Structure formats: structure tokens, C-alpha cells
Amino acid sequence: MSGWWTLDSSTGQPVGPYDLKALQGLISNGYVTESTPLWKDGAPEWLKLGEIEELQPLVQVAAEVAKAGKKKVPEAPADELAAFQAEINALEAAGTEGGEDEGGGDATPEELEFEDDDGTIYIWDKKLRKYMPKGGASVGPGSEGGAGYDMEAMTYTGDDEVIPSLKAAVAGEEGAAAEDRKRKATEAGGPSSEADAGAAEGAPAAAPAGPAGRRNKKQKGQPAAPAKPAEWFELKNNTSVYVTGLPLDVTVEEVVTVFSKYGLIKEDEQRQPRIKLYRDKATGSLKGDALVTYLREPSVPLACQLLDGAPFRADSTTNMTVTVAKFEMKGERYEPKAKAISKKERKMMLQKQEKLLTWGGFDDKLTAEKSTVILRNMFAAGEVALQSEAEELEGEISAECAKCGPVDKVRVFKDHPQGVVSVRFTTAEGVAACLARMSGRFFAGRQIAAEMWDGVTNYAAVKVKESEAEQEARLEAYARELESRAAAKAAAEAAAAAAGGAAPAAAGGADAGGADAAGGDVTMS
């Protein structure tokens, strides 16, 4: 900020800066005289006021002030607060000398003039130091009670907050609750007072109309309303189709094969397809019609469009009719069936079925339920203790199962008491060949049982339960086995070193044989 600086006579520190208008106010009030040193940016040195040419007009003002004998303070302001106050006083003095007529004229600054809500325009009266109506005569000191703009009268002051006592607060809440009960009783058409309520207890009251009446509790003496019978409702999301023209010897598996081409068929609680083949009640034989339920509604119009009018079998003499299923109530009222499973179990079952709709990027990729074979009795409990042993067994089983088809993954559940191993194939042919090849086969003196994974059982969660003594004995046996393997390997290496050139091959065979004997590896038969 550019301006003039002055020196504090007591501390010798510069004070400022001041613009010309503020400096004139300081001179007029006697704070700055002709001998006061001044300086500004660009000046070579400090000069007295009387020595600065550009401030000669102010020098004349200082001389007039000294001559008139006005208030004169020889020292400059002692601190920043005093300097600021001096500057304010100088500005007010300059404004008083150069201002316009106090009666209000056209030159009133915008910030000193405003319009009230009633349309009256007020301007600031510098003598009275208050806002006065514009255009009116100046009000002298003796007329301060005139029609001016009273700031205090026009300022809203909120009432002090009154905190009620506990007794008054409880009484107020009880009164409000009583008024609310009375209002609700009036709206419901019931008694509006205690006297009316007592009179109404002796006679049955008419059922109030409207939803508010239905929400009220049953009044004393009022007969209980009869239970509302369950009504038939239309399905908002119809995923079923009705089929006629089926062969009389049709099976559920055949219907699944034909209709699953157009959508995923929903499953029931026993994980069976939701397909109902209608039978004659008298004879029990099939009637040739069925109800097929899909998991998603878009499958319904697709099946109707492509299967309606088509033969079920290539040699069928009649064609099928496939339409959207329509449900009609049989009997006087609808009797809902008891739910076999809970709502949570039903939700989990639907989530598993919907997971089959997801596409992982390969149309021909089998799901885990259709591509995983479970092999039991592959090892005895506690026989596979280390992860390295499990990985070695996985390699052997993978090599053997690869003869059936491409293997995706083999996993050994080393803690399972039944010696379970899972083998996942990439093709359905590999799954079928593995079931036929491994079922009933012997491995290490144990007969293997092969079956498809049910998609639910978690074999990793089942572990062998053993006591501390059994665990200690198993660990000791395993430690002795490791020691025997190490001793056999050291003996083989010593024999190979002593035998010379042809011995290493024999030693390698001995090492392999020793490892087989120690590890108990047995080929499949």
C-alpha cells in the first residue's frame, strides 16, 4: 500500500501509511506539523513536512491550524490502535468540512441513503447522527425526538427463553395427550368424553366407517367380525406355461429336455424341476397335458412362440399346444398350502438357481455341480498330514483321471475322515468316463467310491477329530518316517559314492524303492 509514513517520537518507529486525505486530517487535528518527518516509497530519505514540495498545500493548512490555536498534539500516535483512531477522526473531520447540505440533497451517497418497507426514503444526518426522512427540514439538537428513523424501535429483539418447571412440563404433556385422544375419538366416531364412553359401554356400538374406524380397538360389547376368507389372486409374475398334446408315456426328463432349451426351469424344495404331469383321478394314467414353470418370465413367450404347434417327438402324430398358464380357483375359496421350507431357505434356493443364469464368457462351460466327481477312500484318516504329501497325491490322481478326459482341478481334502478327493473335468464325457472307471476300483487296498458332487456339501469343513494322545502319536510316527527316509537316502548316497561309475544308477533305483517303501505309494489296480 503506497502512502506517507510518520515517525513515533517516543519509540522512533514508523507509523502509517496514510493517504493524502488521512494526512490532511492528521494535520487539521494537530498530530502532524511542519517539523514532523515524513517518508513514502521512492523517497531518498526522511524529510520534514515543510521541506516536501508536493505537500505545500498541506503545509499552509498546518500553519493555519497552528495560528488558530486548535488542538495540537506534538506527538504522532503511539501505537496502531491510536493511529487507526486518528485516521478515523481525520476522515470524519474531512467529511464534515467537505460534505453536502445536511438537509439532504441530490449528492447523498448511496450508502447513506435507503428506502424503508413503507416507501419512505431516509438519509444519514451527520449532525444528529441518525437517519432522517429525505426532503424534510434538518432537525436541530433540540428536536431529537422528531420523526427520525429510530434504530432501536425498528430492531426486533426476541423474548428471553423461559424454561418451565418439571411439574408444569409434565402437566402440559398430559394435557396434550388428553386432547390428542379426544381428537382421535371424535374422528373415529366414538365417544368424545369419559361420560359418553361410560354410556356407550352398555350397548354395542356401531362399527365406525372408514379406515380410521378399522384401526380402533374392538369396543366392549361389540361382536367379533367374521374372519375374512382368503381370496384368489392373479399372479403378477407368471412364469408357467400349459402344455397339451403330450404322449401318454411322456416322462419328466423328456419334458425337461424339450422345454429347457428356451429357459431355465424352476426347481422345488427337493431340487426337482417344477413340472406337473396331470393324471386322471379315476385311472391314474397320464392325460397328455402338463404345467411347466420357468425361473424367468421372458422364457414363457419364447416357449409359446417356438413350441406351440410343434410335435413333442419326431414320430408324434399330434402337435403340442403351448400357452400361458391360467389359474382357476377350485372350490368355494382358496386354501393356501403350508410352506415346506422357510422364507430364508427359499431365497437361498432361488439365488442358487439364478446363479445358473450367469454367463462367465463360455457357453459350453459346465457348472461345478455337473463337472465335479467325488472320490472317497483315497487315503486313510491321518495318512496325508503335510501339504506336500497332498500335492503329491493330487499329481498322481490327476495323471490317472486324465485318461478319462481333460482335468480342470484336483483337490485333496487331507483332513476328511473318509479320504475325499474332488476331481473337476472340463467336459461331460470326462465326468461319465471317470464315474465308470473309478467306481469300485481299488487303490492302496481300499475300494474307491465315485459319485457326482451334490453342489452343497463342503468337504473342507469336515475334519478328523482326535485326542491329544492320538495327535502326539501321529506326529511321532510321522517324525520317525521322516528320519527313516533321511537315513535311507544317506545310505544310498554312501553306497553310490563307494561303488563308482555304474553304482549311481543302482543307487538311484534303491533310492526310489526306499522312497516308495517309506511313503507307502501304491498304484491303482
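Val 243 stands opposite Ala 290 in E10. This is a predicted model. E8 and E10 pair in the antiparallel sense, over 4 bridges. They belong to an open sheet of 4 strands, ordered E9-E10-E8-E11, with antiparallel pairing. E9 and strand E11 (321-324) stand at the edges. Each has a single partner strand, so one side of each is left without a neighbour in the sheet. Neighbouring strands are turned by 20 degrees against each other on average, direction ignored.

Two helices meet this sheet. H7 packs on the sheet and touches E8, E9, E10 and E11. The direction of H7 makes about 130 degrees with that of E9. H8 lies across E8 and E11. H8 runs at about 155 degrees to E11.

## Two nonpolar cores

In soluble globular proteins, nonpolar side chains tend to be buried together. Here the largest nonpolar core has 22 residues. Val 241, Phe 259, Val 292 and Tyr 294 touch the most other members. Strand E8 (240-244), H7, E9, strand E10 (286-293) and helix H8 (299-307) each supply at least two residues of this core. H8 gives the most, with 4 residues.

Tyr 294 has contacts on several sides of the sequence. Leaving out residues up to four places away, Tyr 294 touches Thr 239, Val 241, Phe 259 and Tyr 262, among others. Its partners also include Gly 263, Leu 264, Ile 265 and Lys 266.

## Lys 266 in its loop

Lys 266 lies in the loop between helix H7 (252-259) and strand E9 (275-279). Is Lys 266 buried, exposed or partly exposed? Its relative accessibility is 22%, so Lys 266 counts as partly exposed.

Residues up to four places away in sequence aside, Lys 266 touches Gln 272, Pro 273 and Arg 274, among others. Thr 293, Tyr 294 and Leu 295 are also among its contacts. Lys 266 and Leu 350 are 84 residues apart in sequence, yet their C-alpha atoms are 8.5 Å apart in space.

## The E13-E14-E12-E17 sheet

Another open sheet is formed by 4 strands in the order E13-E14-E12-E17, and the pairing is antiparallel. Its edge strands are strand E13 (407-412) and strand E17 (449-452), each pairing on one side only. The twist averages 20 degrees from one strand to the next. E13 and strand E14 (residues 421-425) run antiparallel, joined by 5 bridges. Val 412 has Val 421 of E14 as its bridge partner.

Helix H11 (residues 387-401) packs on this sheet, touching strand E12 (372-376), E13 and E14. The direction of H11 makes about 145 degrees with that of E13. Helix H12 (residues 428-438) also packs on the sheet, touching E12, E14 and E17. The direction of H12 makes about 155 degrees with that of E17.

How many disulfides does the structure hold? The count is 0. Cys 401 is in no disulfide, and the nearest cysteine sulfur, that of Cys 434, is 4.3 Å away. A disulfide requires sulfur atoms within 2.5 Å. Cys 401 is buried, with a relative accessible area of 0%.

Cys 404 is in no disulfide either. For Cys 404, the nearest cysteine sulfur is again that of Cys 434, at 4.9 Å. Cys 404 is buried, with a relative accessible area of 13%.

Definitions and conventions: Residues are numbered from 1 along each chain as its sequence is written. This is a predicted model: local features need pLDDT of at least 70, side-chain atom pairs count only at pLDDT 80 or more; totals for chains, interfaces and linings use all residues. Side-chain values use heavy atoms; hydrogens and water are left out. Buried means under 20% relative accessible area, exposed over 50%, partly exposed in between (1.4 Å probe, protein chains only). Contact means heavy atoms within 4.5 Å. A nonpolar core is a set of buried Ala, Val, Leu, Ile, Met, Phe, Trp, Tyr and Cys residues joined through side-chain atoms within 4.5 Å. Two strands pair if DSSP finds at least two bridges between them. Axes are lines fitted to C-alpha atoms, for helices over the stretch in contact, and angles run from 0 to 180 degrees between N-to-C directions.
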